[in-house]
Amino acid sequence: MSELVAAALDRIAARPPLLLALDFDGTLAPLQDDPERSRMSPAAAGALAELAARPDLVRVALVSGRALADLYRLASPPEGTVLIGSHGAERARVSGHGLDRQDIRLDDAQAARLTELAARMQAVARGRDGVWVETKPAAAVLHTRLADSAIRAAAEAEALEIGAELGSAVLHGKNVVEVSVLTADKGSAITALRAELGAGAVLYAGDDVTDEHALAVLGADDLGVKVGEGDTAARYRVADPDALTAVLVGLAERLPGNG
């Protein structure tokens with residue numbers, strides 16, 4: 001962990017309550033060709049649990065493009081964690097008996113648009129090796145991670161055209177095009193959660209293009225961390241999920257009572 005990041009942790013640890021908001025895939029968990037294999041390392045899970053156990057000082061949130069149920073199942077987050085799924089369209093809190101969730105309700109027009117959207121995205125994927133579609137409660141997602149470059153480019157271009165016609169929100173990330181019938185993004189979700197919690201500062205970390213919405217709303221007293229390569233609004237960067245785990249361990253060490 002760099003001296004600059006360490007100094008930033010010293011600063012935000014002194015501004016409780018801190019909102020610790022983290023992307024999952026590629027940030028807490030290494031990226032996998034098979035999304036079902038995504039898991040945090042034991043070290044990352046331990047650091048997250050330690051931080052979540054101090055809700056007087058830190059409120060933990062996982063902010064993901066995944067559907068909420070999948071995020072909960074794969075991340076196994078500690079009790080008290082706020083889960084924000086589908087890029088902000090879904091939200092829940094982890095309790096002792098499962099998820100206390102706010103269900104998405106689509107009106108008739110949105111439901112019909114989602115049905116058409118899913119069918120047309122399936123048509124894009126059909127016959128293309130390495131391309132598949134995930135359907136969420138308010139969105140359809142085209143995945144291209146396993147496709148070769150020519151197939152990936154063509155499929156994503158078609159999906160973006162469908163999004164421009166049918167979607168309220170279109171997100172083009174790493175090997176993925178998500179089209180939602182609701183307007184939501186990670187930045188809006190973080191802004192709302194910060195206000196609800198009365199957070200003194202926010203630490204947000206993410207690796208994808210879609211995380212830039214959240215990094216862009218951070219202020220001078222916050223800490224934004226980009227995981228991996230790529231252009232970013234974040235002021236700090238770490239190499240990979242293991243390096244981010246070191247940041248989380250460093251934050252836990254700086255909480256009052258741990259010195």
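Colleague: Buried means under 20% relative accessible area, exposed means over 50%, and partly exposed is in between (1.4 Å probe, protein chains only). What percentage of the 259 residues in the chain do buried residues make up?

Modeller: Buried residues account for 50% of the 259. One caution before we go on. This is a predicted model, where local features need pLDDT of at least 70, side-chain atom pairs count only at pLDDT 80 or more, and totals for chains, interfaces and linings use all residues. Residues are numbered from 1 along each chain as its sequence is written, and side-chain values use heavy atoms, with hydrogens and water left out.

Colleague: Got it. How many helices and strands are in the chain?

Modeller: Eight helices and 12 strands. Both are DSSP runs numbered from the N terminus: helices are H or I with at least four residues, strands are E with at least two.

Colleague: And what is the radius of gyration of the chain?

Modeller: It is 18 Å. A compact globule of 259 residues would come out near 18 Å, so the two agree. The radius is taken over C-alpha atoms, and the globule rule is 2.2 Å times the number of residues to the power 0.38.

Colleague: What box do the C-alpha atoms fill?

Modeller: Roughly 60 × 35 × 30 Å, along the principal axes.

Colleague: Of the contacts between residues at least 6 apart in sequence, what percentage join residues at least 24 apart?

Modeller: That share is 54%. A contact means heavy atoms within 4.5 Å.

Colleague: Switching to charge. How many positive and negative side chains are there?

Modeller: The chain has 26 positive and 38 negative ones. Lys and Arg count as positive, Asp and Glu as negative; His and the chain ends are not counted. The centres of the two sets lie 2 Å apart. Each charge is placed at NZ of Lys, CZ of Arg, CG of Asp or CD of Glu.

Colleague: How many salt bridges does the structure hold?

Modeller: It holds 15. A salt bridge here is a side-chain nitrogen of Lys or Arg within 4 Å of a carboxyl oxygen of Asp or Glu.

Colleague: Give me one. Which residue does E196 meet?

Modeller: R91, at 2.6 Å from N to O. E196 sits in helix α6 (residues 186-197) and R91 in strand β4 (residues 90-95), so the pair ties together parts 105 residues apart in sequence. E196 is exposed, at 52% relative accessible area.

Colleague: Where do R120 and E116 lie?

Modeller: In helix α4 (residues 108-125). They are four residues apart, about one helical turn. R120 is partly exposed at 28%, and E116 is partly exposed at 37%.

Colleague: What about D207 and K174: what is their N to O distance?

Modeller: It is 3.3 Å, in another salt bridge. D207 is in the loop between β10 (201-206) and α7 (212-216), and K174 is in the loop between β8 (169-173) and β9 (176-180), so this pair ties together parts 33 residues apart in sequence. D207 is buried at 4%. K174 is partly exposed at 33%.

Colleague: Which residues are linked in a network?

Modeller: D23, K186 and D211 are linked by salt bridges in a network.

Colleague: Now the backbone. Is the peptide bond from P16 to P17 cis or trans?

Modeller: Cis, with omega near -5°. Most peptide bonds are trans. P17 is in the loop between α1 (3-13) and β1 (18-22).

Colleague: What is phi of S76?

Modeller: Near 45°, a positive value in a residue other than glycine. S76 lies in the loop between α3 (68-75) and β3 (82-85), and it is exposed at 57%. H87 also has a positive phi, near 60°. H87 is in the loop between β3 and β4 and is buried at 7%.

Colleague: Which residues does R39 touch?

Modeller: Not counting residues up to four places away in sequence, R39 touches F24, A29, P30 and L74.
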